[in-house]
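Here are a few friendly notes to read alongside the structure. They take the helices in turn and then turn to a loop.

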Amino acid sequence: MELHQFAALSARLTGFDSGELQESGMVHAYRQVVTEQAGAERLDGLADSVGVSTDDPPRFTDESARELARAITHLWYLGTWPGVLRPPFPDGEAPPPASGPFVVSSRAYEQGLVWRAFGGRAPGTTAQGYGSWADSPSEVTPLGAHGGDSAVAK
């Protein structure tokens with residue numbers, strides 16, 4: 001899957017604009033994590049499912065696709081892989097042990113969409129400046145203004 005395709009898929013799942021996701025600088029790293037943890041075929045299958053869905057956010061009848069969509073959304077919002085997936089394997093082949101949850105990087109934590117969703121910054125990542133506590137919080141853009149509702153539908 002190409003980077004722009006992964007960004008477009010992620011935009012449908014997260015409710016954020018594809019451009020905003022690309023500005024985060026995490027598209028390549030997240031695509032790599034998803035491919036390593038779930039497999040390229042499973043990612044392509046999810047993209048096909050989302051591509052044919054007319055619902056916004058997309059709805060899934062396939063539990064495997066829904067699970068991967070939730071994991072990708074989790075990854076974008078928190079910068080962590082939830083560690084719950086095992087790639088599907090043909091009958092007779094033993095799957096490798098599932099990896100546990102992990103933080104992709106300190107940059108992934110800082111770029112998590114959760115901070116943008118409420119107009120804040122990740123704690124411990126950006127100095128606020130002397131006297132910043134005296135200023136009113138900045139205006140928060142409602143999540144729906146980013147191109148749709150967030151996350152994955154039930």
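1. A definition to start with: the expected span of a helix is 1.5 Å times one less than its number of residues. Please keep in mind as well that this is a predicted model. Helix α5 has 16 residues, and from its first C-alpha to its last it reaches 22 Å, close to the 22 Å expected.

2. Which residues of α5 are buried? They are Ala-65, Arg-66, Leu-68, Ala-69, Ala-71, Ile-72, Thr-73, Leu-75, Trp-76 and Tyr-77. The cover over these buried residues includes α1 (3-14), α2 (18-23), α3, α4, β1 (80-81) and α7.

3. Let's take α1 as one partner of α5. The axes of these two helices are 10 Å apart, and the packing angle is about 90 degrees. Angles of 65 to 115 degrees count as roughly perpendicular, and α1 and α5 are therefore roughly perpendicular to each other. On the α1 side, Phe-6, Ser-10, Leu-13 and Thr-14 take part, meeting Ala-69, Ile-72, Thr-73, Trp-76 and Tyr-77 of α5. Sorted by class, this contact of α1 with α5 has six nonpolar residues, three polar ones and no charged ones.

4. Next comes α4 (residues 40-52). Its axis and that of α5 (residues 63-78) come within 10 Å and cross at roughly 95 degrees. From α4, the contact uses Arg-42, Leu-43, Leu-46 and Ser-49, while α5 supplies Ser-64, Ala-65, Glu-67, Leu-68, Ala-69 and Ile-72. The residues of the contact of α4 with α5 divide into six nonpolar, two polar and two charged.

5. Helix α3 spans residues 27-38, and its 12 residues reach 16 Å from first C-alpha to last, close to the 16 Å expected. Where do its buried residues sit around the axis? Val-27, Tyr-30, Val-33, Val-34, Gln-37 and Ala-38 are the buried ones in α3. They cover an arc of only 130 degrees around the axis, so they lie on the same side of α3. After α3 comes Gly-39, with a positive phi near 95 degrees.

6. Finally, have a look at Gln-111, which is placed in the loop between α6 (106-110) and α7 (113-117). Is Gln-111 buried or exposed? Its relative accessible area is 15%, and buried means under 20%, so Gln-111 is buried. Leaving aside residues up to four places away in sequence, Gln-111 touches Ser-24, Met-26, Trp-76 and Arg-116. Trp-76 is also among the buried residues of α5.

Definitions and conventions:
Residues are numbered from 1 along each chain as its sequence is written. This is a predicted model: local features need pLDDT of at least 70, side-chain atom pairs count only at pLDDT 80 or more; totals for chains, interfaces and linings use all residues. Side-chain values use heavy atoms; hydrogens and water are left out. Helices (H or I, at least four residues) and strands (E, at least two) are DSSP runs, numbered from the N terminus. Buried means under 20% relative accessible area, exposed over 50%, partly exposed in between (1.4 Å probe, protein chains only). The arc is that of the directions from the helix axis to the C-beta atoms. Axes are lines fitted to C-alpha atoms, for helices over the stretch in contact, and angles run from 0 to 180 degrees between N-to-C directions. Contact means heavy atoms within 4.5 Å. Ala, Val, Leu, Ile, Met, Phe, Trp, Tyr, Cys and Pro count as nonpolar, Asp, Glu, Lys and Arg as charged, and the others, Gly among them, as polar. Angles under 35 degrees count as roughly parallel, over 145 as roughly antiparallel, 65 to 115 as roughly perpendicular and the rest as oblique.
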